[in-house]
Amino acid sequence: MFKLPDLPYAYDALAPTVSSETMRLHHDKHQAKYVDTVNELCAKDGSSPASLEDLIVQAHAGGYNHVFNNAAQAWNHAFFWSCMTPSRTAPEGALAQAIDQAFGDQKGLRAAFVKEGEGHFGSGWVWLLHADGGLKVASTHDAANPLIEDGVVPLLVCDLWEHAYYVDYRSDRKAFLQAWFDALPDWTFAGHQLRAVADKVEAWRYPAPVTEPVRRQA
Ligand code: FE2
């Protein structure tokens, strides 16, 4: 079964950009529900996937939309938590160069990221991706994520579902995205993701499933 990973920081660590109330709801209710549903669906059909990544790819290929949506949402949220840090960072080295090459500079990336997220219709995710030898910004609808596309590696993501910002920003998604981009991205993490591409090693993965403890008979 898949476990709900703990947040890598305290609930209030990202305040005031993202409040403790939002983080509690988002992690403890929304993501927890996705993880629980994935485990229920796997138990129902007797499957025990080796990884959440495998399950996402297989469910997408097989057209099992309910499994895919819940598995991808579990993955996207865990990745999202890893993309943020309470300590401000800045892109460095190869990542900074790749940003300059693709967007002119960091301001150009900010403008593209906020514009893509603000303009995205409905729920979804806005990503900074490595694809075709360079960086690009793209959004995906609902639960969709880059794992289903060959050769695409996510460096950073921001949640566009209203539950991510409604408590703190009401319907002002643009204000959320601007504040988020200026304060919370973990550029060190994004740099590690890019390094994984360059080194041809595996990028970030969801924690491996665990075997439920066997109960001893009395
Ligand atoms: Fe979310």
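## Ground rules

Residues are numbered from 1 along each chain as its sequence is written. In this predicted model, local features need pLDDT of at least 70 and side-chain atom pairs count only at pLDDT 80 or more, while totals for chains, interfaces and linings use all residues; side-chain values use heavy atoms, with hydrogens and water left out.

## The iron site

Four residues hand protein donors to the iron ion: His26 (NE2), His77 (NE2), Asp159 (OD) and His163 (NE2), lying 1.9 to 2.1 Å from it. Donors here are N, O and S atoms within 2.8 Å of the metal (3.2 Å for Na, K and Ca), and water is not among the atoms, so sites may look incomplete.

Angles among the four donor atoms run from 88 to 129°, and the site is tetrahedral (for four donors, all angles between 85 and 135 degrees). Along the sequence, the donor spacing reads H-x50-H-x81-D-x3-H.

## H1 against H3

Helices are DSSP runs (H or I, at least four residues), numbered from the N terminus. The axes of H1 (residues 20-45) and H3 come within 9 Å and cross at roughly 140°; axes are lines fitted to C-alpha atoms over the stretch in contact, with angles from 0 to 180 degrees between N-to-C directions.

H1 passes H3 in a left-handed crossing (the near helix is turned anticlockwise from the far one by less than a right angle). Contact means heavy atoms within 4.5 Å, and the H1 side includes His26, while the H3 side includes His77.

## H2 against H3

Helix H2 (residues 52-62) and helix H3 (residues 65-82) have axes that come within 9 Å and cross at roughly 145°. This crossing is left-handed too.

Terms used:
Helices (H or I, at least four residues) and strands (E, at least two) are DSSP runs, numbered from the N terminus. Four donors count as tetrahedral if all angles lie between 85 and 135 degrees; four count as square planar and six as octahedral if opposite donors are over 155 degrees apart and all others between 65 and 115; anything else is irregular.
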